Amino acid sequence: LLEKIVEAIYSRDSCLPHYQDKTYCLLKKKEPAYNMGVLLFKDHVIMEGQVANRLKSLLLENIRLERTGRTVDRILLKNVLCMLVEVMCLRPHPLAASIK
């Protein structure tokens, strides 16, 4: 499940959101589609319920296991951490309040 979430965040195969961001969102001063998606993902998945606590405990457990010499999926750990950094560092666009 975690791998699918990471893949969903980083998959940018569709041209439509890029075109929309470069033309419509820029001209109409709207929040870019990718940013809105990441912010919604943060608000409704990561911060909802026990997901954040569970994610934190799983990450810390994997780090502890690696420090004790056990094998962990480092690529998955790196991707999850990169996703969290991107999600947590993204600030809402100043016009986002007017979009709601």
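Predicted model: local features only at pLDDT ≥ 70, side-chain atom pairs only at ≥ 80, totals over all residues.
In which kind of crossing, left-handed or right-handed, does α4 pass α5? Point 3 gives the reply, after the overall picture.

1. The protein holds 6 helices and 0 strands. Read from the N terminus, the order is α-α-α-α-α-α.

2. The protein has 100 residues, and 22% of them count as buried. Its accessible surface is about 7700 Å². Carbon and sulfur atoms account for 61% of that surface. Now take the contacts between residues at least 6 apart in sequence. Of these, 65% link residues at least 24 apart.

3. **Helix α4 against helix α5: geometry.** Two packed helices are described by the angle between their axes and the distance between the axes. Helix α4 spans residues 51-67, and helix α5 spans residues 74-89. Their axes come within 11 Å of each other. The crossing angle is roughly 140 degrees. Angles over 145 degrees would count as roughly antiparallel, so α4 and α5 are classed as oblique to each other. The opening question can now be settled: α4 passes α5 in a left-handed crossing.

4. **Helix α4 against helix α5: residues.** From α4, the contact draws on L55, L59, N62, I63 and E66. From α5, it draws on R74, L77, V80, L81 and L84. By class, the residues of this contact are 7 nonpolar, 1 polar and 2 charged.

5. **Helix α3 against helix α5: geometry.** Helix α3 covers residues 33-46. Its axis and that of α5 come within 9 Å. They cross at roughly 105 degrees. The range from 65 to 115 degrees counts as roughly perpendicular, and α3 is therefore roughly perpendicular to α5.

6. **Helix α3 against helix α5: residues.** On the α3 side, the contact is made by Y34, V38, F41, K42 and I46. On the α5 side, it is made by M83, L84, E86, V87 and M88. This contact has 8 nonpolar and 2 charged residues, with no polar ones. L84 is one of the α5 residues that meet α4, and L84 is also among those that meet α3.

7. Where does L90 lie? It sits in the loop between α5 and α6, the latter being residues 96-99. L90 and V38 are 52 residues apart in sequence. In space, their C-alpha atoms are 7.9 Å apart. Setting aside neighbours within four places in sequence, L90 is in contact with N35, V38, L39 and K42. Of these, V38 and K42 also take part in the contact of α3 with α5.

Note on methods
Residues numbered from 1 in each chain as written. Heavy atoms only, no water. Helix = DSSP H or I, 4+ residues; strand = E, 2+ residues; numbered from the N terminus. Buried < 20%, exposed > 50% of the residue type's maximum accessible area, 1.4 Å probe, protein only. Contact = heavy atoms within 4.5 Å. Areas by Shrake-Rupley, 256 points an atom, 1.4 Å probe, with all protein chains shown as cover. Axes fitted to C-alpha atoms, helices over the stretch in contact; angles between N-to-C directions. Parallel < 35°, antiparallel > 145°, perpendicular 65-115°, else oblique. Left-handed = near helix turned anticlockwise from the far one by under 90°. Nonpolar A, V, L, I, M, F, W, Y, C, P; charged D, E, K, R; others polar.
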